[in-house]
Protein chains: 2
Amino acid sequence: MVTGKAGGRSRVTAVDVAREAGVSISAVSRVFTPGASASSKMRAKVLAVSERLDYMPNAMARSLMTNRTHLIGIIMANFKNPVYLSILDSFTHAIQQRGLRSLLFNVSRGDDLEASARQIMEYSIDGMIVSAASMSPLLSDQCRRRGIPLVVFARHPRNVKANVVTADNVAGGRLAARLLIERGYRRMAYVGGPETVSTSLDRGSGFDQALAEAGLDRVRRVNATDYGYDEGYEAVSRLLNGGDRPEAVFCANDIMAMAALDAARYDFGLRVPEDFAVIGFDDIPFAATKPYRLTTIRQPMDAMVRQSIDVLTDQISAPDVSPVTRILPCSVIERDTVRSS
Amino acid sequence: MVTGKAGGRSRVTAVDVAREAGVSISAVSRVFTPGASASSKMRAKVLAVSERLDYMPNAMARSLMTNRTHLIGIIMANFKNPVYLSILDSFTHAIQQRGLRSLLFNVSRGDDLEASARQIMEYSIDGMIVSAASMSPLLSDQCRRRGIPLVVFARHPRNVKANVVTADNVAGGRLAARLLIERGYRRMAYVGGPETVSTSLDRGSGFDQALAEAGLDRVRRVNATDYGYDEGYEAVSRLLNGGDRPEAVFCANDIMAMAALDAARYDFGLRVPEDFAVIGFDDIPFAATKPYRLTTIRQPMDAMVRQSIDVLTDQISAPDVSPVTRILPCSVIERDTVRSS
DNA sequence: TTAACGCCTGCAAGCCTTTGCAAAATGGCG
DNA sequence: CGCCATTTTGCAAAGGCTTGCAGGCGTTAA
C-alpha cells in the first residue's frame, strides 16, 4: 500500500494537524472530544490549524475506539402513505437534534426485513427504530443479543420483547364507534387493511367492542389488500355492492377513508354525511382539504416520535433496563363526514 | 480499558472466528471479501463457525482500511410534498439494490445545510445526493475538495459545479402553455412557489416563453410563500380576487393545483374545466383521485432516480471524470381539469 | 521421482482514533 | 522561593479489519 489508496484523495488526519501545530496527536483528539481536558492555548492552536487544513475527525476510526457510532437505524416499510413522510420528518429531526444520524432502510418491496437488519448491524448502530408492518421476533432477538436498543413504532406486536411506542389503536376504534352511535348511525362496517397488520386488527376490534357494548353488531367487515387508495376504493365498492349496506364506515386509515368517500359519492350517489358517514384514521394533511373534510381519529404522532427517541436514548445510556411500552391516546378530529347531531 | 467498554457487550470479532476455526484472521477476512482467494474448504469452515458465533464483519473497521463506507448521504429539505416520499422510496431502494446504505439528513427547518454537510462528511460517505431548494456552492466545494461525488437532484443551480440530474422544467412549462393554448384558453396565469426556487422559476419561464411565442401574454403571476396546500390556496384566492381574472392557471406543483381547484370551485363557483382550467406539476397519486382528476405535467421520477444513482456510482468508481448534467423530458398527463378540445 | 508452477495461507504492518498512565507544567500558598 | 495539589500533555497500546509479501503445499510435466 504505497500510494494513495483505493478511494479518494487521502484526507487530512489528526497527525497532520498535530505535526503542523507542534502538539501530540492525543492533544488534537482531546480538543475534539467534548469534556476532555485541554488548555485554552492548546485548544486555540489546534482549532486554528484544523480550520486551515479543513480537518475533521474520522467518525469510523472514532467509533472503533468508543464503540459508539451515533447512528440510529430506521427501518420503514410504508412508502405509500403520506403520514410516513411526516413521521420520517419528525424522526430525522429529533435524531439530528440529539447529535445523532439516521441510517434509513427501506423494506417495502418485501425485501427480507431480516436481511436488512443484518446489514444494518454491520454498522453497529447505537439504536434502532422499526416502523414496519411485520416485526419478526427474530429481529428483536438479534438486537438483544447484540445489545442494540430497539423501539417498535406505531405497532404493538405481542410476541416480541422490545420497547414499544404506539397509539392506543383499540381505544381509537372505540372512539370512532361511539361517535357514530351518538350521532344516530346504527348499521356500521369496518374497512381494514391486510389481515395480518396489528394496527388494523386493533382498530377493528376496538370498534367492535364499543359497538357490542351498545348492543349493536358490526354489519360487515372488508379488508383491503393494501393500505392504498385504489385498494381502499376496491374494498369499499365491494362493501357497498353487497347486501346489508351500512350507514357508516370506519376505515383503518385516511387514505382508505378518502377512497370510501369518493366511491360512496361518485359511484353510489350517496350523500355524506346525511346518508352515509365515514371516519378515517391518522389525520393526514389531505384529509382536511375542501372536497374531503374528513372526520378522523388522530394519533399523537409528534408525541409518539418524541417518546420513541426518549426511550431509545435512555436505553442507549442505560442498556440494562427492561423494555418499556408506551401507549398514547388518540383523539377525534371532527369535520364534515359524520353528521353533527 | 479492562472490562466491557462503554457500549454494549463486546461483539464477536474475526479473531474469535479465527481461533475457533483454527485459521488465521486473514483467512476470515478473505472469506468475507468478495473476490479474495480462499479455498472452498477454508470458506466452508469459516462460514460454519461464523454462522454459529453469529459473526459479522465490522463495517467501521473495514472502512478504515478500504476507504469505502458504502454510505450514501441523502440531503432532503422538502418533507411536506408527498412526491418526496416516493422519491425517498426510489432512492433508498436503488441504493440498497447496489449494496449501499442511505444516511438521511433533514435540512427542512432551516437547519444550516452547510453544517449538516460537515456532519455528514465525518462519516466519509462514498457519495451524496442533494435534493434541497437551496444548494450552496460551498457545499459542492466541500465535496470536491474531499473527493466526494455529488449529484444535485431535481434542481439546476447555475453556480455550482456538480453532477445534476433534473427534469426539463422549462420544457415542462412550455408543455403546459401549449396545451392550454391548443384548447382555446387565452388568459393564463402562473402560480409559483417561493421566488428563489429554481424549479418554480424555470417552470414559470418556460410557460411564459411558449405563451409569448403564441403572441399571448401571461395575465398574472402570484407566488405562494411555500409549496403547501394552504399557501397555494391563499395565493390562488388572491389571484382570483384581483382584477384580470384568468381562464387558466398553471401551478408549480400538484398540491397547489389541488388547492387552486378547490378554491376555484368552492369559493368562486367556477366550473372546471369549462370556465377555468388548472394544470399541476409532479403527478402525485392524489392528483388522480375522483374529486381532482388533475391534468398535470409529469417528471420522469423513476428515471431521474435511476440516473442519479448511475451517475453517482460511476463517479465513485472513476473519481476523476468531470461532472455531467442530465436533463430529462417531462410529459403531460391529461385528465379532467383542462377541456378536451 | 523430481522440478517448476500456482494457488492458498499466515505474518505483520497499517488505517485513524481514543484513553490509561505517568511525566511535565502550572498555580497557590506559606 | 520551595512544596504540594491540580491541570495539561505525551506516549503507546488498543480497536477490528485489509492486504503486500513470502513461504507452504499440491499439482502437473518431464
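Predicted model: local features only at pLDDT ≥ 70, side-chain atom pairs only at ≥ 80, totals over all residues.

Student: What does helix α11 of chain B lie across?
Tutor: Helix α11 (residues 254–267) of chain B lies across β6, β8, β9 and β10 (295–298) of chain B. α11(B) runs at about 160° to β9(B). Angles run from 0 to 180 degrees between N-to-C directions, with axes fitted to C-alpha atoms, for helices over the stretch in contact. Contact means heavy atoms within 4.5 Å. Helices (H or I, at least four residues) and strands (E, at least two) are DSSP runs, numbered from the N terminus.

Student: What's the strand order in the open sheet of chain B?
Tutor: β7-β6-β8-β9-β10-β12, 6 strands with mixed pairing. Pairing takes at least two DSSP bridges between two strands. β7 (218–223) and β12 (331–333) of chain B are at the edges, each with a single partner strand, so one side of each has no neighbour in the sheet. The twist averages 20° from one strand to the next.

Student: Which helix touches β7 of chain B?
Tutor: Helix α9 (residues 198–213) of chain B packs on the sheet, touching β6 (188–192), β7, β8 and β9 of chain B. The direction of α9(B) makes about 170° with that of β6(B).

Student: And β8 with β9 in chain B, parallel or antiparallel?
Tutor: Parallel, over 3 bridges. B:Val249 has B:Val278 as its bridge partner in β9(B).

Key. Residues numbered from 1 in each chain as written. Chains lettered and ligands numbered in written order. Heavy atoms only, no water.
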